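I opened my notebook to record what I looked up in this structure. The entries follow in the order I made them.

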Amino acid sequence: MNDADVKVETQADAVNENTNGANPRFDLPFLNFQELLRGFVEGAAQTKKNIASMKATSEEISDILREACSMNARGAVDYGAKVIEISKDNISATLEFLSRLAETRSLLDIVHLSTARSREAFEVVSAQNRELWDLAQKVAIETTEPIKANFNRVLHKTV
């Protein structure tokens, strides 16, 4: 038997001889492009709404921080003015002490004057430190309380 006598059988469809009897099927899921587009549009709208909300929240927070910085700056000016006032008072008291010290005639007068001045200076410095501490606390509270209250309000509004 030679190759010319061999009969080859194929299982080809009459419609398409290239398929070897198989029915080619390209089963693609039915895509509803309208639904896909609607979902995309809704997602884009929600994203736009979220961005607008974040922008508004960011602007509110910026306003809060700007006001807090302004209050802090006013407090720092008040504190600085108080320090200058205290310095002026202390310089005046020191010059007065030196003037009185120059008028003394004995060592005993110098000791009494120095002791009295030391006691007075301790009381004055203690009161001044208390004033500065109270002023610093006031500035800190005036700066932080509005931030805390407004941040909570803004953050709860956006949630």
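I looked up Val41 and found it in helix α1, residues 33-102; helices here are DSSP runs of H or I with at least four residues, numbered from the N terminus. I noted that this is a predicted model, in which local features need pLDDT of at least 70, side-chain atom pairs count only at pLDDT 80 or more, and totals for chains, interfaces and linings use all residues. Residues are numbered from 1 along each chain as its sequence is written, and side-chain values use heavy atoms, with hydrogens and water left out.

**Entry: a surface patch**

Val41 is partly exposed, at 48% relative accessible area (buried is under 20%, exposed over 50%, partly exposed in between, with a 1.4 Å probe and protein chains only). Together with Leu37 and Phe40, Val41 forms a nonpolar surface patch with about 330 Å² of accessible area. I wrote down that patch residues have over 30% relative accessible area and no salt bridge, with nonpolar side chains joined within 5 Å and like charges within 9 Å. The areas come from the Shrake-Rupley method with a 1.4 Å probe, and for residues only the protein chains shown count as cover.

**Entry: Leu113**

Is Leu113 buried or exposed? Leu113 is buried, because its relative accessible area is 11%. I found Leu113 in helix α2, residues 107-158. Beyond residues up to four places away in sequence, Leu113 touches Phe97, Arg100, Leu101 and Thr104 (contact means heavy atoms within 4.5 Å). The C-alpha atoms of Leu113 and Arg100 are 8.1 Å apart, and the two residues are 13 apart along the chain.

**Entry: Arg117**

Arg117 also sits in helix α2 and counts as buried at 17% relative accessibility. Leaving out neighbours within four places in sequence, I listed Asn90, Ala93, Thr94 and Phe97 as its contacts.

**Entry: salt bridges**

I searched the whole structure and got eight salt bridges (a side-chain nitrogen of Lys or Arg within 4 Å of a carboxyl oxygen of Asp or Glu). Which residue's side chain meets that of Glu60 in a salt bridge? The partner is Arg153, at 3.2 Å, N to O. This pair links distant parts of the chain, since Glu60 is in helix α1 and Arg153 in helix α2, 93 residues apart.

Glu120 and Arg117 form a salt bridge at 3.9 Å, N to O. They are separated by about one helical turn because they are three residues apart in helix α2. Glu120 is partly exposed, at 42%.

Definitions and conventions:
Helices (H or I, at least four residues) and strands (E, at least two) are DSSP runs, numbered from the N terminus.
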